[in-house]
Amino acid sequence: MNPIARIFDRLLGILKWPIAIVALILVPGLVYALFLVIRGIAAAPGTCVPFLLGAATYSILWLGLGSRRIGFWTTLEHELTHALFAWATFHPVVGFGASLRGGGHIRYVGRGNWLIAIAPYFFPTLTLLVIVVLSWLPPRHLAIGAFVLGCAVAHHVFSTWSETHRHQSDLREVGWLFSWLFLPSVNAFVLGIILAYAAGTRSLTAHLSHVKGPSLAFFHLLVKLLPG
């Protein structure tokens, strides 16, 4: 096993619950920042019409055909996300598969870590690929790109929702308590950043500026609730 991978696994193991606590504290601020982005889009939808049309089209497709009809692509992205985070933490991937029936698997060298297991439940692999392509598109094709981005974001929302349930072995592996502490915060962050990008607000600093107030107030509330 790669010694660097072993270091990553141990470090992530040490940081697991501190990260969960920080994620819990940040939930109010990140949800508030996400709300502000959604409110801004609702107040001026004309600024991102192709994106909204793409999201609506995919939503109708998902609800009309059912998630099983497009389960292969969901499974493929799911397993690919596992693989990306395995590579990112220096675990060589030695097996990968996704079937038309919705089943998939990944095998990698080493014990692994909780980040590899939980990554598909917050990381929008397909959406980020679309954003990378968008950065290279000439201006005349940006409307089409925004439509595709809307489809990708809707796919991320629906697939994450459908995959996050009590029978998921990945979530049982990392623990349900940790999942409930970590996932709401990180999903609010990811979705807020993506929607801000789609709406033309490219500044991460501007988006995160709305997080501090609500999260700090929630932190003070938690401190007051502690015994002693």
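Helix α3 covers residues 71-88, and its 18 residues reach 26 Å from the first C-alpha to the last, close to the 26 Å expected at 1.5 Å a residue; the expected span is 1.5 Å times one less than the number of residues. Helices (H or I, at least four residues) and strands (E, at least two) are DSSP runs, numbered from the N terminus. This is a predicted model, in which local features need pLDDT of at least 70 and side-chain atom pairs count only at pLDDT 80 or more, while totals for chains, interfaces and linings use all residues. Residues are numbered from 1 along each chain as its sequence is written, and side-chain values use heavy atoms, with hydrogens and water left out.

- The buried residues of α3 are Gly-71, Thr-74, Thr-75, Glu-77, His-78, Glu-79, Thr-81, His-82, Ala-83, Phe-85 and Ala-86, where buried means under 20% relative accessible area, exposed over 50%, and partly exposed in between (1.4 Å probe, protein chains only).
- Thr-81, which lies in helix α3, is buried with a relative accessible area of 1%, and its C-alpha is separated by 30 Å from that of Arg-39, 42 residues apart along the chain.
- Phe-90 has a positive phi of about 65° although it is not a glycine; this residue is found in the loop between α3 and β1 (93-98) and is partly exposed, with a relative accessible area of 36%.

**The cavity**

- A search of the whole structure finds one cavity of 30 Å³ or more, and the largest cavity has a volume of about 60 Å³.
- A cavity is here a set of points, on a 1 Å grid over the protein atoms alone, where a 1.4 Å probe fits but cannot get out, and lining residues have an atom within 4 Å of a point; grid points are joined across faces, edges and corners, and the volume is the space filled by probe spheres set on the points.
- The lining of the largest cavity consists of Thr-74, Glu-77, His-78, Thr-81, Pro-120, Phe-123, His-156, Ser-159, Thr-160 and Glu-163, and the elements that give two or more residues to this lining are α3 and α6 (142-163).

**The nonpolar core**

- The largest nonpolar core has 41 residues, and those with the most contacts inside it are Trp-114, Ile-118, Phe-122, Leu-149, Phe-182, Leu-183 and Leu-195; such a core is a set of buried Ala, Val, Leu, Ile, Met, Phe, Trp, Tyr and Cys residues joined through side-chain atoms within 4.5 Å.
- At least two residues of this core come from each of α1 (3-43), α3, α4 (114-118), α5 (125-134), α6, α7 (169-174) and α8 (176-198), and α8 gives the most, with 12 residues.

**Cysteines**

- Zero disulfides are found in a search of the whole structure, a disulfide being a pair of cysteine sulfur atoms within 2.5 Å.
- Cys-48 is in no disulfide, and the nearest cysteine sulfur, that of Cys-151, is 14 Å away.
- Cys-48 counts as buried at 3% relative accessibility, and Cys-151 is also buried, with a relative accessible area of 16%.

**A residue in helix α10**

- Phe-219 has its place in helix α10 (residues 212-225) and counts as partly exposed at 35% relative accessibility.
- The C-alpha atoms of Phe-219 and Leu-61 are separated by 41 Å, the two residues being 158 residues apart along the chain.

Definitions and conventions: 1 Å grid on protein atoms, 1.4 Å probe; cavity = no way out; pocket = protein on both sides within 12 Å on 5 of 7 lines; lining within 4 Å.
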